[in-house]
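Hi,

Here is the structure I promised to pass on to you.

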Amino acid sequence: MDKFETLTGIAAPMPLVNIDTDMIIPKQFLKTIKRSGLGANLFDEMRFDRQGNEIPDFVLNQDAYRNAEILVAGDNFGCGSSREHAPWAIKDFGIRCVISTSFADIFYNNCFKNGILPIALPPEAVDVLMKDAEKGANARMTVDLEKQTVTTSDGESFSFEVDAFKKHCLLEGLDDIGLTMEKAASIDTFEAQAAQARPWV
C-alpha cells in the first residue's frame with residue numbers, strides 16, 4: 001500500500017448528503033475481486049448517461065476536476081452496503097483523501113485499509129473547504145497527515161482527529177498483509193519451533 005504523508009492536490013466539491021456505496025460503485029461492477037480498473041466506473045450513474053456518454057454537469061467530468069485527488073463531500077459519506085469495492089474505486093480513480101462531516105463506520109475503516117485518508121470535520125470547516133474546492137484546478141488544498149491538518153489554497157488551516165494506529169498504518173503504507181509481514185521473523189521462529197515440537201503435524 002502506498003504511504004500517505006502529505007498530499008497537495010485538486011479538491012473536487014461534491015456537496016451531496018448520504019452518498020452511499022451504490023452511488024460510489026453500482027452493484028453491476030462488483031463481480032471482480034481485483035482492486036484495479038474500478039475507477040472507470042466510480043459514480044457511474046452520475047457520471048454517465050444510459051448511452052455511456054459523460055454528463056457534463058457532474059463535477060468529475062469537468063476539466064478542472066478530472067485529476068482531483070481530494071473529495072470534499074456532504075454528510076454521511078459512504079453509507080449503505082459494506083462493499084469494499086467503494087474505496088477500491090475511489091483509490092483507483094486517483095482520490096487519496098475524502099473530507100466530510102461524517103462517514104459510515106464500515107466505509108471509514110475500509111478507507112484506511114486501502115490507502116485513503118477519510119477526514120471528518122465540523123460543518124463550518126467543511127463549508128470553507130467546499131468553497132475553496134469550488135475555485136477549480138488553480139486552488140490546491142494540502143492535507144498533512146503527520147500534523148493532522150487540512151490547509152486551503154488561501155492558507156486557512158483546520159486540524160482533524162485520527163486514530164493513532166490508523167495514522168501509523170497510513171504513514172507507513174501498511175495494510176493488513178503489511179502488518180502481518182512486520183511480524184515475519186517472529187512467525188518464522190514460531191513455525192520452526194512448532195515443527196521441532198510437533199514434527200508429525
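**What I found: the aromatic rings**

Let's start with F77, which is buried, its relative accessible area being 0%. Keep in mind that this is a predicted model.

F77 has a ring partner. Searching the whole structure turns up 6 aromatic pairs. In one of them, the rings of F77 and F103 have centres 6.3 Å apart and planes at 75°, so this pair is edge-to-face. Planes over 60 degrees apart count as edge-to-face, which is why 75° gets that label.

Where do F77 and F103 sit along the chain? F77 is in the loop between strand 2 (70–73) and helix 3 (85–93), while F103 is in the loop between strand 3 (97–100) and helix 4 (105–113), so the pair ties together parts that are 26 residues apart in sequence.

F103 is buried as well, with a relative accessible area of 11%. The ring of F103 also pairs with that of F107: the centres are 6.4 Å apart and the planes are at 15°, so this pair is stacked. The cut-off here is under 30 degrees, so 15° qualifies. Like F103, F107 is buried.

**Helix 6**

Now for helix 6, which covers residues 164–172. What caps the N-terminal end of this helix? D163 does, with a side-chain oxygen 3.0 Å from the backbone nitrogen of F165. Within helix 6, the buried residues are K167, C169, L170 and L171. Just after the helix comes G173, which takes a positive phi of about 70°.

**Strand 6**

T149 belongs to strand 6 (residues 149–151). Is T149 buried or exposed? T149 has a relative accessible area of 16%, and buried means under 20%, so T149 counts as buried. Leaving out residues up to four places away in sequence, T149 touches T142, V143, D144, S157, F158, S159 and F160.

**From the record**

UniProt, in an unreviewed entry, lists residues 1–123 as "domain: Aconitase A/isopropylmalate dehydratase small subunit swivel". Over that stretch, residues 1–123, the chain is 22% helix and 17% strand, and the end C-alpha atoms lie 31 Å apart.

Cheers

Technical notes: Residues numbered from 1 in each chain as written. Predicted model: local features only at pLDDT ≥ 70, side-chain atom pairs only at ≥ 80, totals over all residues. Heavy atoms only, no water. Helix = DSSP H or I, 4+ residues; strand = E, 2+ residues; numbered from the N terminus. Buried < 20%, exposed > 50% of the residue type's maximum accessible area, 1.4 Å probe, protein only. Contact = heavy atoms within 4.5 Å. Phe/Tyr/Trp six-rings, centres within 6.5 Å; stacked < 30°, edge-to-face > 60°. Polar contact = N/O pair within 3.5 Å; in protein donor to acceptor, adjacent residues only side chain to side chain. UniProt positions renumbered as here; feature names shortened; annotations may be inferred.
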